[in-house]
Every structure is written in C-alpha cells, then in structure tokens.
Amino acid sequence: SPHVLGHSKAHVGRGVAELVRAAKAQGLQPGPLALSLRGDFVRIGSAYEQHKVRSPDCFDILVPLRLPPHLEPQPRRADGLGPCGAFVCGLWARDGWTRRCRPFAEGFCVELQGRSHLSSGLVLRWFQGHLQRCLGAVRYRLQERCRVSLSACPGQPPTLHILPCSDYVCCHISMAVRLIPAIPLGDALYLTALPPEGPRGSPAPEALWGLNASRQEQRLLGWLKEQAPAASCHLKCLQILKGLRDLRRHGLEEPFCSQWGRVLSSYLLKTALFSLVLRGPLEAWDERFLVERLEDLVVYLRDCLRKQVLMDFFLGNTSVPEAVALPRFLKEAAPVNLLSAFDGPTLDLVAFQLISTWMQAPHIIRMYSSPRYLRPVPAP
C-alpha cells in the first residue's frame, strides 16, 4: 500500500536523521587520524524505487563516511583476490605517506601485497560502535514518536529497529533499517563492505569492497519514467517477478532453495529488466502489454541463465543512455558478469525452475498466498 509505505518511510527518515545527526555531533572534532560521519544519508533500494513487494518493514540506507582530510581513496579491481567485481581501496596521502598517517593505517587498514588498504571489516566495526554510543541521545529525542534500538551481527551492517508509537493502526509496523557505511568516491559512487559470505560460502577478505551505484540506478529509473508511456508496466513486471520468486521459494528444499534466492537476487532481476527495456521500443511497455512484457522478461532471463552470462548494467557499459550521466570511473571499468560465481548445473536448474514457475504461476499464487506462507522472508 503506498499509504502505509509512505508512513513507514517518514518514520525511517526521521529516525535515521536523528541518529546520523547525533553521530556526527559526537565526532565533530575527530582529530586528523579518525573516521567521521559526513552528516547526510542516501535512501536506496526497492522501497524508494517503487518496486517493493513485501511488507514495508525493511529499508536500506547508505551512510557516507569522511576520511581524514589528507587521505583520498584509490579503488581498483581486486582481480583474483575475491568474487568477480570486488574492489580493494588503497589510500593516497596528499603530502606523502608520512609518519602522521601511521596511526590511521594501524586502526583502519590491512596489509595486502605489501601495501596498506582500507579494511571494510575494521571500518564496519568502528561504525557499529560509533552508532551504538550515540543511540542514547536518539532514544531521548524520539521517545514520544517511536521506540528505537540497534542490533549488529559480525560482518553485517548494523540494523536500526523502529517501532512507532501512534494511534494509527497502519503505523504499528516494526521497521528494520539497514545502515550501510559507505566510502564516497565522488559522482555519487560509493564503496560498501561485501557480504561476509560469497555465493559459494567462502569468507570475503577484510580488504575487499563492493562498488555501489544505487544513485545511477535511480537516475536511470527516473529517465525511464520520463521517456516511457505514462502507464508503463516495467516496474510492475519487476514486482511480479520478484513476488513469484519469493512464493516459489516456499516449495523448494535446501540447498537449492538458497541457490534459487542468490541467483535470482533482486539486483540481478533489476539488471535484466534494464537490459531488456533499453532494447526498445519503450512504447511496447504500455500497461496493455503487461503479460507479453512479463513473459519477455522471463524468457530473456532464462536465456541469460543458460548462457551463464548477464553483465552488470553500469560497469563498463557503453550503451547507457547519454541522458543518464555516468562518471568516468564506471565507463572505464572492466565489465562484470553477474553469473560468473555460479556453476553451470546450478544455473541450468534455476533456468528450468524459472520457466516452470512462470507456466504454473496461477497455481503457485493460489498455493502459497495463504497467510501462513506470507511471513517475511529473511534477508540473506
């Protein structure tokens, strides 16, 4: 419901703003050798892009950090060191890597190939502790509107839990807000910590980062909204496909159930939609052709799975519309195959199950749409 989602986003915005303000105030004088918060935050994910499918109870927020003034990030691809598309972040000191940089390196860097690199694990642990220390001030300011708490798991971004205190029934939804520390690279690009486990379960080294281009995705969605028909169904197709994926999960057994969710991640489905929509013409995405376009998306995704190739839409892609200005870093980056981390038999099985799900969609919807199946699916 847009009404309930609107209320939830308002609560999230107020709660996160208070926490970030308190965290920034506590670090107003961090000294020349410490991290600090920049003071703003970036709303990302399906809740802010109009393709959310489950209850309005989970949100993602990027919280940009500020490096000491004399240090600048220098990201590069971590080829051979981690999953495809991973980055490492070296640091460049404007006045040379002098003795004064050593305390920061000892607190936030790890040695990799004989050089200091910013550690995503150490930054994440500092960020969790910093927010936890600021939580008291937030509780006091928000106690009349909502109750808040903060939880953190090793290797995961901290989660802000918000329970509104309201007379409106629609506002009695407990919300979980993932606060993701981000290193700004300029041009609305960020580095964020990789999940603690990759697709094959191998722990990601602490030096590895992922490149976050959520702002570029939002720009592209804004451009499509302007160019496509007023009643365009491209986001509705994405919602329906995500919903079918989640419903079908209830009938699958482990370990394939987990593989199904990892292969058909929301990011991969959104990438497939971007690639298909820009093949044109945009007039074909009028809502009258919803079923045809949804079938096109399923078939396109099946073909990608069979070929074991679906390229990241922004990294090294020269076919992005000129109206969506991309930073030079993205244009010159090496292309990344989002399916390279999965083996052929797994992708073939997912492709088969995807077509089966599409052909049996009415039955699956009737079977798994009962209340006992509609509990929120835990995030991976």
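Is Phe 59 buried or exposed? I looked this up before anything else. Phe 59 has a relative accessibility of 3%, so it counts as buried. The cut-off for that word is under 20% relative accessible area. I note here that the model is a predicted one.

**Entry: around Phe 59**

I looked for ring pairs and found that the structure holds 8 aromatic pairs. In one of them, the ring centres of Tyr 48 and Phe 59 are 6.1 Å apart and the planes stand at 55°, so I wrote the pair down as tilted. Phe 59 belongs to strand E3, while Tyr 48 sits in the loop between strand E2 (42-44) and E3, so the pair ties together parts 11 residues apart in sequence. Tyr 48 is at 16% relative accessibility and therefore also counts as buried. I then checked for a charge by the ring of Phe 59. Lys 52 lies over the face of Phe 59, 5.7 Å from the ring centre.

**Entry: a second pair, and a cluster**

I turned to Phe 87 and Phe 329. Their ring centres lie 5.9 Å apart with the planes at 40°, so this pair is tilted. Phe 87 is in strand E5 (residues 87-93) and Phe 329 is in helix H9 (residues 328-331), and the pair links distant parts of the chain, 242 residues apart. I looked up the accessibility of each partner. Phe 87 comes out as buried, at 2% relative accessibility, whereas Phe 329 is partly exposed, with a relative accessible area of 30%. I also noted a cluster in which ring pairs link Phe 104, Phe 108 and Trp 126.

**Entry: strand E10 and its partners**

Which strand does E3 run parallel to? I went back to the strand that holds Phe 59. Strand E3 (residues 58-66) is joined by 7 bridges to strand E10 (residues 175-186), and the two run parallel.

I followed E10 to other strands. Strand E9 (residues 159-164) pairs with E10 over 4 bridges in the antiparallel sense. In this pairing I found His 161 opposite Ala 176 of E10. Strand E11 (residues 189-193) is also antiparallel to E10, joined by 4 bridges. There, Gly 186 has Leu 189 in E11 as its bridge partner.

Last, I looked at the turn of the hairpin. E10 and E11 have 2 residues between them, and Asp 187 takes a positive phi near 55° in this hairpin.

Conventions. Residues are numbered from 1 along each chain as its sequence is written. This is a predicted model: local features need pLDDT of at least 70, side-chain atom pairs count only at pLDDT 80 or more; totals for chains, interfaces and linings use all residues. Side-chain values use heavy atoms; hydrogens and water are left out. Two strands pair if DSSP finds at least two bridges between them. Rings of Phe, Tyr and Trp (its six-membered ring) pair if their centres lie within 6.5 Å; planes under 30 degrees apart count as stacked, over 60 as edge-to-face and the rest as tilted. Buried means under 20% relative accessible area, exposed over 50%, partly exposed in between (1.4 Å probe, protein chains only). A charge sits over a ring if NZ of Lys or CZ of Arg is within 6 Å of the ring centre and within 35 degrees of the ring normal.
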